[in-house]
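Subject: The structure I promised you

Hello! Here is the structure we talked about, so please open it and keep it in view while you read. My notes on what I found follow below.

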Amino acid sequence: MELMKVKQTIEYNGKTIKMPFEIIPDFLDIKEVEAANHFSGETTTLPQFAKAVRDAIIGAELQADYPKVRKGLDWFRQHFAKQYMVLLD
């Protein structure tokens, strides 16, 4: 019997946001955290769940999993455009 994957969602600022891929449940939190661009050092604040997506994008880049990178970048631009410009652009 195959297990059905459940799409993760989180309630944030009155919206239900669907995660682009599976995130460890411990990181599905809306508390604000600070994150830095790993090249420039510029920082921004964002919810923990969005930082978890950013961290997964960086990990996918290191593993050359470009479909996951693209999916994560598209999600980030849609939901956190300002932070995208600081962290991932």
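Let me begin with Val-53. Leaving aside its neighbours within four places in sequence, Val-53 is in contact with Met-19, Pro-20, Phe-21, Ile-23, Gly-72, Trp-75 and Phe-76, where contact means heavy atoms within 4.5 Å.

Before going further, a word on how to read all this. This is a predicted model, in which local features need pLDDT of at least 70 and side-chain atom pairs count only at pLDDT 80 or more, while totals for chains, interfaces and linings use all residues. Residues are numbered from 1 along each chain as its sequence is written, and side-chain values use heavy atoms, with hydrogens and water left out.

**The core**

Val-53 is also one of the residues that touch the most other members of the largest nonpolar core, together with Phe-49, Ile-57, Trp-75, Phe-76 and Leu-88; this core has 25 residues. A nonpolar core is a set of buried Ala, Val, Leu, Ile, Met, Phe, Trp, Tyr and Cys residues joined through side-chain atoms within 4.5 Å. Buried means under 20% relative accessible area, exposed means over 50%, and partly exposed is in between (1.4 Å probe, protein chains only).

Which elements give two or more residues to this core? They are strand 1 (9-12), helix 1 (48-62), helix 2 (66-79) and helix 3 (81-87). Helix 1 provides the largest share, eight residues. Helices (H or I, at least four residues) and strands (E, at least two) are DSSP runs, numbered from the N terminus.

**The hairpin**

Now find strand 1 again. It pairs with strand 2 (residues 15-18) in the antiparallel sense, over four bridges; two strands pair if DSSP finds at least two bridges between them. Thr-9 stands opposite Lys-18 in strand 2. The two strands form a hairpin with two residues between them, and Asn-13 in the turn has a positive phi of about 50 degrees.

**Two loop residues**

Lys-31 lies in the loop between strand 2 and strand 3. With a relative accessible area of 48%, Lys-31 is partly exposed. Beyond its neighbours within four places in sequence, Lys-31 is in contact with Leu-46, Pro-47 and Gln-48. Its C-alpha atom is separated by 10 Å from that of Tyr-12, which is 19 residues apart from Lys-31 along the chain.

Asn-37 is found in the loop between strand 3 (32-36) and strand 4 (43-47). Is Asn-37 buried or exposed? It counts as buried, at 9% relative accessibility. A polar atom of the Asn-37 side chain lies 2.6 Å from the backbone nitrogen of Phe-39, and the backbone nitrogen of Ser-40 lies 2.9 Å from a polar atom of that side chain. Leaving aside its neighbours within four places in sequence, Asn-37 is in contact with Glu-42, Val-86 and Leu-87.

**Charged pairs**

Side chains of opposite charge can pair when their charged atoms come close. How many salt bridges does the structure hold? There are four, a salt bridge being a side-chain nitrogen of Lys or Arg within 4 Å of a carboxyl oxygen of Asp or Glu.

Lys-51 forms one with Asp-55, with the closest N and O atoms 3.1 Å apart. Because Lys-51 and Asp-55 are four residues apart in helix 1, about one helical turn separates them. Arg-54 also forms a salt bridge with Asp-55, again with the closest N and O atoms 3.1 Å apart. Arg-54 is buried at 8% relative accessible area, whereas Asp-55 is partly exposed at 34%.

In helix 2, Arg-77 and Asp-74 lie three residues apart, about one turn of the helix. They form a salt bridge whose closest N and O atoms are 2.6 Å apart.

**Aromatic rings**

The structure holds seven aromatic pairs. Rings of Phe, Tyr and Trp (its six-membered ring) pair if their centres lie within 6.5 Å; planes under 30 degrees apart count as stacked, over 60 as edge-to-face and the rest as tilted. The rings of Trp-75 and Phe-80 have centres 5.8 Å apart and planes at 45 degrees, so this pair is tilted. Phe-76 and Phe-80 form a tilted pair too, at 6.1 Å centre to centre and 55 degrees between the planes. Ring pairs link Tyr-12, Phe-49, Trp-75, Phe-76 and Phe-80 into a cluster.

Enjoy exploring!

How values were computed: A polar contact is a pair of N or O atoms within 3.5 Å; within protein, one must be able to donate a hydrogen and the other to accept it, and residues adjacent in sequence count only if both atoms are side-chain atoms.
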